[in-house]
Amino acid sequence: MSVGRVFIVGAGPGDPGLLTLRAVELIRKADVILYDYLCGEGFLAYKREDAECIYIGKRGHQHYTPQEQINRLLLEKARRHRAVVRLKGGDPFVFGRGGEEAEYLRRHGVPFEIVPGVTSSIAAPAYAGIPVTHRDYSSSVSIVTGHRRADRDSEEVLAPNTDTIVYMMGVTNLPNIVEALLRSGRRPETPVAIIRWGTRPQQRTIVGTVENIAELAVKERINPPSVVVVGEVVRLREELSWYESLPDWKADLPSGNAGDKTLPFKTRKPSALSGGEGAE
Ligand SMILES: C[S@@+](CC[C@H](N)C(=O)[O-])C[C@H]1O[C@@H](n2cnc3c(N)ncnc32)[C@H](O)[C@@H]1O
């Protein structure tokens, strides 16, 4: 039986301008696209009109599709089609379960390719004006999961000894993250930023310290998806913040043409170089 090829592709953190050229090329050719909550909608403008698009669902919500089912779906689609794109938010190998899906495909003899994407762990801080490394403030960074696996109750949140730590999936577990940071010797006044929906027009950032961030996040109603950045680099935001002060994309939109093919550019804020693409 001939079998198609599965492309496990990173969609980036949401700004369609951060889709890679390779991702767009594959989306254009795909017979089937399986995508999830964090992919953004920018890719839709590049898909073939007759491509089958399957929404895999939101994590932590009712529509969440179990991993086993996703694996089986990938196999089933690869057996029927030439090109199957499995599109994932950020980078597929950074807390994206891309490795698990690739293992499954290999076990079942399905050829695959991996297309790295721009990970939110670096892009969201960058859009908030926070470089995760800087010669004066940070020469090391770790990317850490902030939540415990439901099937591993005893697993502790890690607080590695790097200058910067980026926690993903951590915003609902902040008290435990803070505890881990203090236990590992981080000073209570160490700056912490939380960036929600990074790189998207609705991006929101709050800044506090290890000591007060858990309380602040509740007060400011900061929910997932968010990344938490810990370390001195957070101070640079004061000088380097840029994205949140770009003009509001919605203000520029002419009414009544929300459904046309320029959709991805409408999900971007207009920057100086895009010359007001948001308004097209
Ligand atoms: C399952 S992980 C997927 C990470 C993804 N593979 C990546 O490289 O960005 C989901 C977590 O990624 C983070 N995340 C993804 N997209 C984000 C965004 N646009 N803004 C802030 N955090 C985001 C959040 O921490 C979220 O809980």
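In α4, residues S120, S121, I122, A123, A124, P125 and Y127 are buried, where a buried residue has 20 or more other C-beta atoms within 10 Å of its own, an exposed residue has 12 or fewer, and a partly exposed residue falls in between, with C-beta atoms placed from the backbone. The structure is a predicted model, in which local features need pLDDT of at least 70 and side-chain atom pairs count only at pLDDT 80 or more, while totals for chains, interfaces and linings use all residues. Residues are numbered from 1 along each chain as its sequence is written. Helices (H or I, at least four residues) and strands (E, at least two) are DSSP runs, numbered from the N terminus.

Because seven of the eight residues of α4 are buried, this helix is largely enclosed by the rest of the structure. The cover over the buried residues of α4 includes β6 (141-145), β7 (164-168), β8 and β10. G129, which has a positive phi near 80°, follows α4.

The protein chain contains eight helices and 10 strands. Of its 280 residues, 41% are buried. Contacts were assigned to residue pairs whose C-beta atoms, placed from the backbone, lie within 7 Å. Among the contacts in the protein chain with a separation of 6 or more, 66% join residues 24 or more positions apart.

Helix α2 (residues 67-80) has 14 residues and should span 20 Å at 1.5 Å a residue, in agreement with the 20 Å between its end C-alpha atoms; the expected span is 1.5 Å times one less than the number of residues. In α2, the buried residues are I70, L74, K77 and A78. These residues lie on the same side of α2, because they cover an arc of only 100° around the axis, the arc being that of the directions from the helix axis to the C-beta atoms. The face turned away from the buried side of α2 carries the exposed residues E68, Q69 and E76. Elements covering the buried residues of α2 include β1 (5-10), β2, β4 (83-88) and α3 (98-107).

Two loop residues were also examined. R48 is found in the loop between β2 (32-35) and β3 (52-55) and counts as partly exposed, because it has 14 C-beta neighbours inside 10 Å. Not counting residues up to four places away in sequence, R48 touches R28 and A30. The C-alpha atoms of R48 and I27 are separated by 7.7 Å, with the two residues 21 residues apart along the chain.

N223 lies in the loop between α6 (213-219) and β10 and is exposed, with 11 other C-beta atoms within 10 Å. Residues up to four places away in sequence aside, N223 touches V171 and R196.

How values were computed: Contact = placed C-beta atoms within 7 Å.
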